[in-house]
Amino acid sequence: MKPILETIPLGIEKSIVAFNYVSRDFETPWHFHPQLELTYIEESYGTKFIGDYVGAYEPGELVLIQSNVPHCWTNNKSDTVKSNSFVVQWNKGIYTNIPELKSLHNLFIAASKGIIFNKEQSKILIPELKKMTHKEGSKLYISLLSLLLKLTNTDYKTLSNSSFTKNISDDYTSKISKIHLYVAKNYNRKIYLKEVSKQVNMSEQSFARFF
């Protein structure tokens, strides 16, 4: 099955999003996106798919995924246990590749195969991760950097045998994000090709080919 591209509306007004997902099931299909992602499983059991890796997951797992790594979590059906996770997603490149952040970028390189952190070592960092869902702007940016630097000193193992390093251009993702936001704001009425193509400064014909 081919993974689908998920559009995350980042890069226009913000470059990081942190949220708590709570539902009966993990509903997102096998997908990928240009953003990096850090996911903590709070509740439920099931199967995780990371690149070419397939294996069980359980509460307490913390997984880091590099840009464009196909992934999803599928929970065991239950009437009593909800699917509960804390997720942070951010645009690639917001933390510059400088000597002072070498350990961080080495971590990102490893995450091209998907990595799972040592549960005992990482559990002391989970309260910090959860607090990010209530932060925005520079506070969220600094909190994420602080957490990621701490994770560079945490043991982990890679999940996928294959790495996924293909980049999607910033121009492409910016245009897709603009389209996504426009449709989300106007979904309750008929939307015309002309007005959508105008949002990304393209002719109708060029936009049709692009999309």
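Some ground rules. The model is predicted, so local features need pLDDT of at least 70 and side-chain atom pairs count only at pLDDT 80 or more, while totals for chains, interfaces and linings use all residues. Residues are numbered from 1 along each chain as its sequence is written, and side-chain values use heavy atoms, with hydrogens and water left out.

Start with the sheet. Six strands form an open sheet, in the order β2-β9-β4-β7-β10-β11. The pairing is antiparallel. At the edges sit β2 and β11 (156-158), each pairing on one side only. From one strand to the next, the twist averages 20 degrees. Strands here are DSSP runs of E, at least two residues; helices are runs of H or I, at least four; both are numbered from the N terminus. Two strands pair if DSSP finds at least two bridges between them.

Now β9, residues 83-90. How many of its residues are buried? Eight of eight. Buried means under 20% relative accessible area, exposed means over 50%, and partly exposed is in between, using a 1.4 Å probe and protein chains only. Ser 83, Ser 85, Val 87 and Gln 89 point one way from β9. Asn 84, Phe 86, Val 88 and Trp 90 point the other way. Both sets are buried.

What pairs with β9? Ile 41 has Ser 85 in β9 as its bridge partner.

Further along, β7 (residues 62-65) and β10 (residues 115-117) run antiparallel, joined by two bridges. Leu 64 has Ile 115 in β10 as its bridge partner. Helix α4, residues 137-151, packs on the sheet. This helix touches β2, β4, β7, β9 and β10. The direction of α4 makes about 80 degrees with that of β2. For these angles, axes are lines fitted to C-alpha atoms, for helices over the stretch in contact, and angles run from 0 to 180 degrees between N-to-C directions.

Next, the helix pair. The axes of α1 (residues 102-110) and α4 come within 9 Å and cross at roughly 75 degrees. The two helices are therefore roughly perpendicular to each other. On that scale, under 35 degrees is roughly parallel, over 145 roughly antiparallel, 65 to 115 roughly perpendicular, and the rest oblique. Which residues meet? From α1, Leu 104, Leu 107 and Phe 108; from α4, Leu 145, Leu 148, Leu 149 and Leu 151. Contact means heavy atoms within 4.5 Å. The residues of this contact divide into seven nonpolar, no polar and no charged. Nonpolar covers Ala, Val, Leu, Ile, Met, Phe, Trp, Tyr, Cys and Pro; charged covers Asp, Glu, Lys and Arg; the others, Gly among them, are polar.

Stay with α1. Its buried residues are Leu 104, His 105, Leu 107, Phe 108 and Ala 110. They pack against β4, β7, β9, β10, α4 and β11.

On to the loops. Thr 154 lies between α4 and β11. Thr 154 counts as buried because its relative accessibility is 8%. Leaving aside neighbours within four places in sequence, Thr 154 is in contact with Phe 117, Asn 118, Gln 121, Ser 122 and Leu 125. Take Gln 121: 33 residues from Thr 154 in sequence, 6.3 Å C-alpha to C-alpha. A polar atom of the Thr 154 side chain also lies 3.2 Å from the backbone oxygen of Lys 150.

The loop between β7 and β8 (71-75) holds Gln 66. Gln 66 counts as buried, at 10% relative accessibility. Again leaving aside neighbours within four places, its contacts include Gln 35, Lys 92, Phe 108 and Phe 164.

Asn 68 is found in the loop between β7 and β8. Asn 68 has a positive phi of about 65 degrees, although it is not a glycine. Buried or exposed? Asn 68 is buried, at 10% relative accessibility.

Last, Asn 201, in the loop between α6 (193-199) and α7 (204-210). Phi of Asn 201 is near 55 degrees, a positive value in a residue other than glycine. Asn 201 is exposed, with a relative accessible area of 72%.

Note on methods
A polar contact is a pair of N or O atoms within 3.5 Å; within protein, one must be able to donate a hydrogen and the other to accept it, and residues adjacent in sequence count only if both atoms are side-chain atoms.
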